[in-house]
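Colleague: I would like to go through the labels on this model. Please set each one against its cut-off.

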Amino acid sequence: MPIADVLTKAREHMGKTLEYFQHQLARLRTGRATPALIEHIRVEYYGVPTPLSQLSTISVPEPRMLVIQPWDRSLLGAIERALLQSDIGVTPTNDGAVIRIVLPPLSEERRRELVKVCRKYAEEARVSIRNIRRDYLEELRRLEKEEHLSEDERRRGEQELQKITDRFMEDIERLLERKEKEILEE
């Protein structure tokens, strides 16, 4: 396996970690409404738990309001129950046609808690990236031992792997800073 293949696989694994980190951040509630807050909530639909995003249109008519318009009105009650049982901590309003969720402003204490959660997610992503780097460093050393690579090629591969790792770490920091700023905004 040439160095390029090892680096490509490492880049793909790190990319998946970054994608997961972005997904985790999107699900965190800030002062602003976003469909990502609720689209993952599962609603009982003919006995099958189905993501809300597959049963309705979720829109943001105002910065602190979400409107859920199910494609099948008979689902309004089931969607309302699923929202009440979820961990988002808001009460939906059902008017018979759509469900509205008004997000209250976050308290300063809750904002600080959310920033801590963001930092925890970021640290988990960093650890994952470092573990991926370690695995692929071991792969490069194994290839050298099996005499598929020279020592110089392995070193070049390690340096390139470190550059890739550094870029992903910078991306994590940039995403974290942006999310913290978003949370701390009034």
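**Labels and cut-offs**

Modeller: Start with two helices. The axes of α1 and α4 (residues 151-184) come within 10 Å and cross at roughly 10°. Axes here are lines fitted to C-alpha atoms, for helices over the stretch in contact, and angles run from 0 to 180 degrees between N-to-C directions.

Colleague: What makes α1 roughly parallel to α4?

Modeller: The crossing angle is roughly 10°. Angles under 35 degrees count as roughly parallel, so α1 is roughly parallel to α4. By class, their contact has 14 nonpolar, four polar and seven charged residues. Ala, Val, Leu, Ile, Met, Phe, Trp, Tyr, Cys and Pro count as nonpolar, Asp, Glu, Lys and Arg as charged, and the others, Gly among them, as polar.

Colleague: What is the model's basis?

Modeller: It is predicted: local features need pLDDT of at least 70, side-chain atom pairs count only at pLDDT 80 or more, and totals for chains, interfaces and linings use all residues. Residues are numbered from 1 along each chain as its sequence is written, and side-chain values use heavy atoms, with hydrogens and water left out.

Colleague: Why does E19 count as exposed?

Modeller: E19 lies in helix α1 (residues 3-27). Its relative accessibility is 55%. Exposed means over 50% relative accessible area (1.4 Å probe, protein chains only), so E19 counts as exposed.

Colleague: Why does Y46 count as exposed?

Modeller: Its relative accessibility is 70%, so Y46 passes that cut-off. Y46 sits in the loop between β1 (42-45) and β2 (48-51). Y46 also has a positive phi of about 50° although it is not a glycine. Most residues other than glycine have a negative phi.

How values were computed: Helix = DSSP H or I, 4+ residues; strand = E, 2+ residues; numbered from the N terminus. Buried < 20%, exposed > 50% of the residue type's maximum accessible area, 1.4 Å probe, protein only. Parallel < 35°, antiparallel > 145°, perpendicular 65-115°, else oblique.
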